[in-house]
There are 2 protein chains.
Amino acid sequence: MTKQLCLGGFMRPICLHTAWWRHPSAPTLANFNWPVIRSLAQKLEHACFDAVFTADHLAVMPMPPNALKRSGTITSYDPLVMLSAIAACTDRIGLIATGTTSYEDPYLLARRFASLDHLSGGRAGWNIVTTVNPEAALNFGLETALRHAERYERAEEFFDVVTGLWDGWSDHALVMDKETGVFSDLDKIRPLNHKGKFFSVKGPLNIARPVQGWPVIALAGASEEARDMAARSADLVFGNARSIETGRAFYRDVKSRAVAAGRNPDHVKILPANQVYVGRTRAEALAKKRYMDDLVHVDSNIPNLSIRLGVDCSKFDPDKPLPELPHTEQGQGNQREWAALARREGLTVRELAKRAAESGTGEMVGTASEIADQMEEWLMTEACDGFIVVFYTVPDGYDDFVTMVVPELQRRGLFRTRYEGATLRENIGLPRPKSPLD
Amino acid sequence: MTKQLCLGGFMRPICLHTAWWRHPSAPTLANFNWPVIRSLAQKLEHACFDAVFTADHLAVMPMPPNALKRSGTITSYDPLVMLSAIAACTDRIGLIATGTTSYEDPYLLARRFASLDHLSGGRAGWNIVTTVNPEAALNFGLETALRHAERYERAEEFFDVVTGLWDGWSDHALVMDKETGVFSDLDKIRPLNHKGKFFSVKGPLNIARPVQGWPVIALAGASEEARDMAARSADLVFGNARSIETGRAFYRDVKSRAVAAGRNPDHVKILPANQVYVGRTRAEALAKKRYMDDLVHVDSNIPNLSIRLGVDCSKFDPDKPLPELPHTEQGQGNQREWAALARREGLTVRELAKRAAESGTGEMVGTASEIADQMEEWLMTEACDGFIVVFYTVPDGYDDFVTMVVPELQRRGLFRTRYEGATLRENIGLPRPKSPLD
């Protein structure tokens with residue numbers, strides 16, 4: 001069988017383009033409207049997407065008022081509440097929720113993801129983030145976010161606690177013998193007795209081992225710490241490459257780190273986010289893109305760039321090239337990608353900022369055949385194992401992709417026409433972790 | 001219109017009777033099986049129940065192994081994950097989830113309940129608990145649970161933060177004007193800037209004001225602190241009265257505290273939990289009860305009593321009356337109810353322990369007409385405003401109640417035949433809290 005793409009749909013927020021909600025066809029509250037969200041998830045399942053993916057923020061976005069008031073991000077669902085509801089209305093599509101290791105509690109998080117995994121019949125995924133937004137810290141009793149290195153140290157311990165709790169149950173712990181009255185075999189359920197730098201957790205978890213052993217583990221981030229953690233621990237690595245060259249470099253780097261960590265590199269899937277504009281002609285696709293970009297209010301541009309870079313860009317001369325950026329405690333992969341883009345195309349800060357409003361991810365524009373060509377090239381030349389597809393508006397961005405691009409990928413044998421497995425791990429081709437008790 | 005009963009269905013765990021899962025008709029994994037849970041929730045909605053209610057524990061129950069291995073409580077869903085899924089499969093029934101103020105974070109909790117309220121179209125409720133189980137503390141980095149008084153002090157501040165976050169949004173904050181590109185009116189969204197003893201939370205919340213203003217607030221607990229907090233803050237008060245006399249005393253006490261706190265006592269609904277056995281004849285109902293109680297293994301009895309009382313009862317002489325109980329940091333209402341029962345009926349510890357295995361709540365046994373008589377008497381003589389109905393097994397306990405008792409209550413005009421309102425507050429007859437910004 002030819003190599004196939006793994007496709008996730010970016011569904012929270014419903015779109016990343018700053019102006020998505022201003023499109024004439026968009027329900028303005030789509031990001032926050034359950035019937036719309038349900039119909040989109042079912043659409044992606046009908047198209048055989050591997051999973052829907054939900055990002056998250058734990059605060060209102062740090063933007064100046066003129067930009068914030070224009071942003072649809074200000075109201076949205078908790079990812080797990082939203083995915084639990086989607087679980088009840090779908091049968092096969094995976095459900096990947098972001099959960100922060102900086103502000104959540106590991107016992108509660110382990111239990112919630114196990115709950116979603118059981119309730120969905122083995123379709124849950126956990127996207128581990130460490131939350132860089134300094135506004136979030138202020139909602140959780142801290143004056144500033146933890147420093148980068150400490151965030152990752154905490155994330156590593158958090159991950160060990162969560163997976164340790166899942167591993168505290170054998171697959172065979174539930175006996176449920178009506179005759180003898182024995183419900184569970186307590187020899188197959190073990191406390192964790194974890195005592196570490198950040199957490200002290202006795203266990204065991206009060207929910208059985210997840211259907212998938214562990215829900216699928218996803219990680220983004222391009223720092224050294226994030227790459228190392230991804231190589232050791234992640235099933236899916238969300239990338240932010242904006243060119244096929246940076247995509248290949250990232251792919252090579254993470255896969256070789258995975259090999260160095262003793263893992264099979266095929267079990268670490270690299271999925272860059274990618275916003276797609278597709279039309280019956282290339283001109284139509286470009287017109288869609290231009291139409292959307294022109295809907296972005298000028299006041300949103302510089303603040304959007306500031307968020308992408310983790311640096312206040314209002315201090316820069318908008319008509320000069322992007323200056324050397326200071327080292328920050330925030331995500332470093334985005335800085336690198338955006339600086340490379342500015343250099344590559346010789347953009348001023350103002351020009352770069354206009355790009356930032358568009359979505360902040362990589363982008364493909366063209367006919368279905370051209371999009372499929374690009375995706376095929378990324379896949380076959382080891383720039384990715386698939387994509388997190390970002391839709392430019394609702395429902396048009398979704399409809400365009402599933403009616404035009406998906407059939408073309410299927411025709412080429414690059415994407416499934418029906419789900420192979422029952423669980424997310426089975427569909428993506430990932431092994432099921434074994435409990436040390438089995 | 002005659003006074004009507006408010007009815008909630010106890011759905012997590014699916015039943016409280018220790019032996020529910022051993023009944024021949026019970027799917028042994030019902031507590032943990034999504035299609036079964038979905039069908040039961042839809043059954044209760046079809047019967048016009050006000051709400052389903054989900055209790056919660058944050059640890060495996062503190063029982064000796066011989067009892068623990070016989071308990072179906074060992075595995076179950078996170079309440080909010082389960083209710084979010086139920087929200088997607090129902091239209092009108094309320095969804096009340098337990099959330100602890102001792103181990104959750106207020107920003108995350110406020111956001112999750114707001115999410116459930118929006119996603120369900122205004123059907124969410126939050127049952128505030130302070131979590132007495134000392135095993136839970138060990139899962140959250142503490143050596144012991146907080147002391148009773150400090151638990152309530154923290155609960156009060158937690159409640160203020162959560163409701164303050166909900167109140168930080170006007171009902172009219174979302175503008176969504178495609179023409180001007182303005183999504184929200186930032187003058188109608190305010191930070192909280194809370195700095196207290198336990199929490200420091202800036203806000204605002206990144207989700208709009210709940211559909212109901214605030215989700216419905218429920219509280220249980222019979223201590224002075226719990227009664228005072230309920231009188232000030234709760235819409236629903238879950239009671240544990242095991243006789244109509246203690247029910248009336250509790251009702252009078254909480255309602256008069258509510259009046260003293262400046263509230264309309266009709267806006268504080270008292271709902272004792274009540275396990276029901278109904279049969280076509282009284283003998284049939286009694287036989288059902290006897291059958292269930294005989295399924296309880298003797299090893300479960302004393303540990304169950306220990307949990308009800310918050311005291312290790314294995315140290316007592318099983319053939320003597322219940323001794324004077326020590327003061328504990330645990331829930332005190334249950335102690336009082338069980339001690340009164342033992343005195344009233346002259347039970348030994350062993351006899352009382354057998355009762356404890358049955359469910360731990362009040363109980364009604366009889367024909368539909370006899371059950372309706374009792375419920376009517378409780379309602380009309382101010383022992384309650386309704387009940388949290390506890391089902392003895394799955395699906396029989398549910399089916400018995402909705403096919404026999406509900407029609408009899410409806411015939412008497414004591415229960416609705418269709419939902420009056422769209423939201424849980426409307427159906428129960430509760431006012432909608434106004435934002436200070438409106």
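**Close-up views of strands and cavities**

**View 1. Strand S9(A) and its neighbours.** In S9(A), A:Ala218 is the bridge partner of A:Asn127. The model is predicted, so that local features are given only at pLDDT of at least 70 and side-chain atom pairs only at pLDDT 80 or more, while totals for chains, interfaces and linings use all residues. Residues are numbered from 1 along each chain as its sequence is written, chains are lettered from A and ligands numbered from 1 in the order in which they are written, and side-chain values use heavy atoms, without hydrogens or water. Strand S4 (residues 124–129) of chain A runs parallel to S9(A), and 4 bridges join the two (strands are DSSP E runs of at least two residues and helices H or I runs of at least four, numbered from the N terminus; pairing needs at least two DSSP bridges). Strand S10 (residues 236–239) of chain A is also parallel to S9(A), joined to it by 2 bridges, and here A:Leu236 is the bridge partner of A:Ala218. Between S9(A) and S10(A) the chain passes through helix H7 (residues 224–233) of chain A in a right-handed β-α-β crossover (clockwise from the first strand over the helix to the second, with the strands pointing away from the viewer). Strand S9 (residues 216–219) of chain A is covered on both faces, with A:Val216 and A:Ala218 buried on one side and A:Ile217 and A:Leu219 buried on the other (buried is under 20% relative accessible area with a 1.4 Å probe, protein chains only).

View 2. Strand S1 (residues 6–12) of chain A pairs with S2(A) in the parallel sense over 4 bridges, with A:Arg12 opposite A:Thr54.

**View 3. The largest cavity.** The whole structure contains 6 cavities of 30 Å³ or more, and the largest has a volume of about 130 Å³ (a set of 1 Å grid points where a 1.4 Å probe fits but cannot get out, with lining residues having an atom within 4 Å of a point; volume is the space filled by probe spheres on the points). Its lining has 19 residues, those closest to the centre being A:Arg112, B:Asp56, B:Thr98, B:Gly99 and B:Glu104. Two or more lining residues come from each of helix H4 (106–119) of chain A and, in chain B, H3, strand S3 (94–100) and helix H4 (106–119), with H4(B) giving the most, 4 residues.

**View 4. The second largest cavity.** This cavity holds about 120 Å³ of space. Of its 16 lining residues, A:Asp56, A:Thr98, A:Gly99, A:Thr100 and A:Glu104 lie nearest the centre. At least two lining residues are supplied by each of helix H3 (79–88), strand S3 (94–100) and H4 of chain A.

**View 5. B:His194 in strand S7.** Strand S7 (residues 194–195) of chain B contains B:His194, which is buried, with a relative accessible area of 18%. B:Leu165 is 29 residues from B:His194 in sequence, and their C-alpha atoms are 9.5 Å apart in space.

Methods
Buried means under 20% relative accessible area, exposed over 50%, partly exposed in between (1.4 Å probe, protein chains only). On a 1 Å grid over the protein atoms alone, a cavity is a set of points where a 1.4 Å probe fits but cannot get out, and a pocket is an open set with protein on both sides within 12 Å along at least five of seven lines; lining residues have an atom within 4 Å of a point.
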